[in-house]
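Here's a quick tour of a single chain, from its overall layout down to what sits inside. Have the sequence and the model open as you read.

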Amino acid sequence: MAKGGYRGMPMGGMNMNMIKQAQKMQQEMLKMQQEMESKEYEATAGGGMVTAAVNGKHELLRLSIDPEAVDPEDVEMLQDMVIAAVNEAIRQAAADSTATMGKLTGGLNLGGLL
C-alpha cells in the first residue's frame with residue numbers, strides 16, 4: 001500500500017453518509033415504536049364472552065367479561081377464557097410489531113438491536 005493510505009473513496013465521506021443513514025433509520029424506528037406502543041389490539045374468547053385489549057407495549061388496557069360467563073360452579077373456565085383472550089391480544093401486538101419493524105429494516109435480521 002502506498003504512503004498516505006487507501007486511495008479509493010475518501011473514508012470521511014463514506015463514514016458521514018453511513019452515520020446520517022443510521023441516524024435517519026434510528027429516528028424512523030423511534031417514531032414507529034411510539035406509533036406501535038399507542039396502538040390497541042383486541043381479542044375475544046369463549047365466543048365473545050371475554051374480551052381483552054392490550055397496547056403495543058403488551059400492557060392490558062381493558063378486560064370485559066359477559067355476566068353470563070360468570071358461573072360460580074366453573075371458575076376455571078372463566079379463568080381459561082381470560083388467559084386465552086389476553087394471550088391472543090398480546091400475540092396480535094407482537095406480530096404487528098415484527099411486521100412493522102420488518103418493513104423498516106427491509107427484512108434484515110438485526111438480532112438484539114430492535
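## Layout

Reading from the N terminus, the chain's elements go α-β-β-β-α. That comes to 2 helices and 3 strands, taken as DSSP runs (helices H or I, at least four residues; strands E, at least two) and numbered from the N terminus.

A word on the ground rules: this is a predicted model, where local features need pLDDT of at least 70 and side-chain atom pairs count only at pLDDT 80 or more, while totals for chains, interfaces and linings use all residues. Residues are numbered from 1 along each chain as its sequence is written, and side-chain values use heavy atoms, with hydrogens and water left out.

## Surface and contacts

Of the 114 residues in the chain, 21% are buried (under 20% relative accessible area, 1.4 Å probe, protein chains only). The accessible surface (Shrake-Rupley, 1.4 Å probe) is about 8,300 Å², with 55% of that belonging to carbon and sulfur atoms.

As for contacts (heavy atoms within 4.5 Å), take those between residues at least 6 apart in sequence: 46% of them join residues at least 24 apart.

## The cores

What makes up the largest nonpolar core? Nine residues do: A45, V50, A52, A69, L78, M81, V82, A85 and V86. A core here is a set of buried Ala, Val, Leu, Ile, Met, Phe, Trp, Tyr and Cys residues joined through side-chain atoms within 4.5 Å. β2 (50-55) and α2 (75-105) each give two or more residues to this core, and α2 gives the most, with 5.

Setting aside neighbours within four places in sequence, L78 touches V50, I65, A69 and V70. There's also a second, separate core of 5 residues, including Y41, V54, A89 and A93.

Technical notes: Buried means under 20% relative accessible area, exposed over 50%, partly exposed in between (1.4 Å probe, protein chains only).
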